[in-house]
Amino acid sequence: MILYNVTTSLDPEIAEQWVNYMRETHMPEVMATGFFVRSQLCRLLNEEDDGITYAAQYYCVSLEQLEEYQNVAAPALRKDIERQFGGRYASFRTMLEVVS
């Protein structure tokens, strides 16, 4: 199992709007691509400075499947988030192998 983690630090002024967008629009759209079997949204508890940080986590069965998602579906989904919240967040992505 592969965990695709997208960590995002937000301007606090948009946090509620961003969370609603993730729950109601973005994460359902990601799941609808068929590349992932499960997802969850987590808020970091040990935040620094004035930002608010979340981790959107998506599980898929193989690294090849994740790479196909990144090539086929991710560019349009990322563009939509940028259109909605451009300049008010910063994200980084990690890929992890679930070992137990």
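Arg38 touches Met31, Gln57, Tyr58 and Tyr59, leaving out residues up to four places away in sequence; contact here means heavy atoms within 4.5 Å. This is a predicted model, where local features need pLDDT of at least 70, side-chain atom pairs count only at pLDDT 80 or more, and totals for chains, interfaces and linings use all residues. Residues are numbered from 1 along each chain as its sequence is written, and side-chain values use heavy atoms, with hydrogens and water left out.

**Arg38 and its strand**

- You'll find Arg38 in strand S2; strands (E, at least two residues) and helices (H or I, at least four) are DSSP runs, numbered from the N terminus.
- With a relative accessible area of 42%, Arg38 is partly exposed. That label sits between buried, which is under 20% relative accessible area, and exposed, which is over 50% (1.4 Å probe, protein chains only).
- Arg38 and Glu68 are 30 residues apart in sequence, and their C-alpha atoms are 17 Å apart in space.

**The sheet**

- Four strands make an open sheet in the order S2-S3-S1-S4, with antiparallel pairing; two strands pair if DSSP finds at least two bridges between them.
- Strand S2 (38–43) and strand S4 (89–97) are the edge strands, so called because each pairs on one side only.
- On average, neighbouring strands of this sheet are turned by 15 degrees against each other, direction ignored. For such angles, axes are lines fitted to C-alpha atoms (for helices, over the stretch in contact), and the angles run from 0 to 180 degrees between N-to-C directions.
- Helix H2 (residues 63–72) packs on the sheet and touches S1, strand S3 (52–60) and S4. The direction of H2 makes about 45 degrees with that of S1.

**Who pairs with whom**

- Strand S1 (residues 2–10) runs antiparallel to S4, and 9 bridges join them. Val6 is the residue opposite Arg93 in S4.
- S1 is also joined to S3 by 9 bridges, again antiparallel. Here Thr7 has Ala55 in S3 as its bridge partner.
- S2 and S3 are antiparallel too, pairing over 6 bridges. Look for Leu41 opposite Ala56 in S3.

**Strand S3, covered on both faces**

- 9 of the 9 residues of S3 are buried, so the strand is largely enclosed by the rest of the structure.
- In a regular strand, side chains alternate between the two faces of the sheet.
- One side of S3 has Ile52, Tyr54, Ala56, Tyr58 and Cys60, while the other has Thr53, Ala55, Gln57 and Tyr59, and all of these are buried.

- Helix H3 (residues 74–85) has 12 residues and reaches 16 Å from its first C-alpha to its last. That is close to the expected 16 Å at 1.5 Å a residue, where the expected span is 1.5 Å times one less than the number of residues.
- The buried residues of H3 are Ala74, Leu77, Asp80, Ile81 and Phe85.
- Seen down the axis of H3, those buried residues fall within an arc of 130 degrees, so they line one face of the helix. The arc is that of the directions from the helix axis to the C-beta atoms.
- Helix H1 (15–32), H2 and S4 are among what covers the buried residues of H3.
- After H3 comes Gly87, with a positive phi near 80 degrees.

- Phe85 lies in helix H3 and counts as buried at 3% relative accessibility.
- Leaving aside neighbours within four places in sequence, Phe85 is in contact with Ile14, Gln17, Trp18 and Tyr21. The C-alpha atoms of Phe85 and Glu13 are 11 Å apart, though 72 residues separate the two along the chain.
- His26 belongs to helix H1 and, at 7% relative accessibility, is buried.
- Not counting residues up to four places away in sequence, His26 touches Tyr21, Tyr58, Leu77 and Ile81.

**Cysteines**

- A disulfide is a pair of cysteine sulfur atoms within 2.5 Å, and by this rule there are 0 disulfides.
- The sulfur of Cys42 is 16 Å from the closest cysteine sulfur, in Cys60, which is too far for a bond.
- Cys42 is partly exposed at 28% relative accessibility, whereas Cys60 is buried at 0%.
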